[in-house]
Structures are given as C-alpha cells and as structure tokens.
Amino acid sequence: MDSRTWHCPTCGDDRDFVQPPCVDGHTADGGECPEWACADCGTALVLGDLVVVAAVPLRHAA
Ligand SMILES: [Zn+2]
Ligand SMILES: [Zn+2]
C-alpha cells in the first residue's frame, strides 16, 4: 500500500499516512483520492489544502 510521511497534528509527530479505500468516488473517473489517514491514530488529511477533516479513531475500544 502506498504511504507517505507527514506531521500528524493529533499524534504531534511524524507518522506514516495511508490511503483507505475511497468511498467518495474520487477514483471513479480515474482521478486520485486526496484523502489520507494516519496509520497510527486515523486522523484524516485531504491533500491540496492538507487540512484535518476528521479525527476518527481506527481502534474500536470496547
Ligand atoms: Zn476519495
Ligand atoms: Zn496520527
């Protein structure tokens, strides 16, 4: 899986970011999905503006 390293504002450190399966149709026309998620905490970033759009924990604590 492709991954890139950016500073994660939630982790407060550099983290690997991965692209989750696009569910918004960004790749439907052959484009590239701009969404990346921190592999550690799940914070989602959108390329271009590189703004934090959501902080959704990947872990589902019981
Ligand atoms: Zn997408
Ligand atoms: Zn993070």
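Author: Two strands pair if DSSP finds at least two bridges between them. Keep that in mind here. This model is predicted.

Reader: In which sense do E3 and E4 pair, and over how many bridges?

Author: Strand E3 covers residues 35-38, and its pairing with E4 is antiparallel, over three bridges. For one position in this pairing, look at Glu35: opposite it, in E4, stands Val46.

Reader: How many residues lie between E3 and E4 in the hairpin?

Author: Four residues lie between them. Gly42 sits in that turn, with a positive phi of about 90°.

Reader: Which residues of strand E4 are on the covered face, and which on the uncovered one?

Author: E4 runs over residues 43-46. Thr43 and Leu45 make up the covered face. Ala44 and Val46 make up the uncovered one.

Reader: How many helices and strands does the protein chain have?

Author: Zero helices and five strands. Along the sequence the pattern reads β-β-β-β-β.

Reader: What share of the residues in the protein chain is buried?

Author: A residue counts as buried if 20 or more other C-beta atoms lie within 10 Å of its own, and as exposed if 12 or fewer do. Of the 62 residues in the protein chain, 11% are buried.

Reader: Why is Asp2 exposed?

Author: Asp2 is exposed because 7 other C-beta atoms lie within 10 Å. Asp2 belongs to the segment before strand E1 (3-8).

Reader: What separates the C-alpha atoms of Asp2 and Asp16?

Author: A distance of 9.8 Å. Along the chain, Asp2 and Asp16 are 14 residues apart.

Definitions and conventions: Residues numbered from 1 in each chain as written. Chains lettered and ligands numbered in written order. Predicted model: local features only at pLDDT ≥ 70, side-chain atom pairs only at ≥ 80, totals over all residues. Helix = DSSP H or I, 4+ residues; strand = E, 2+ residues; numbered from the N terminus.
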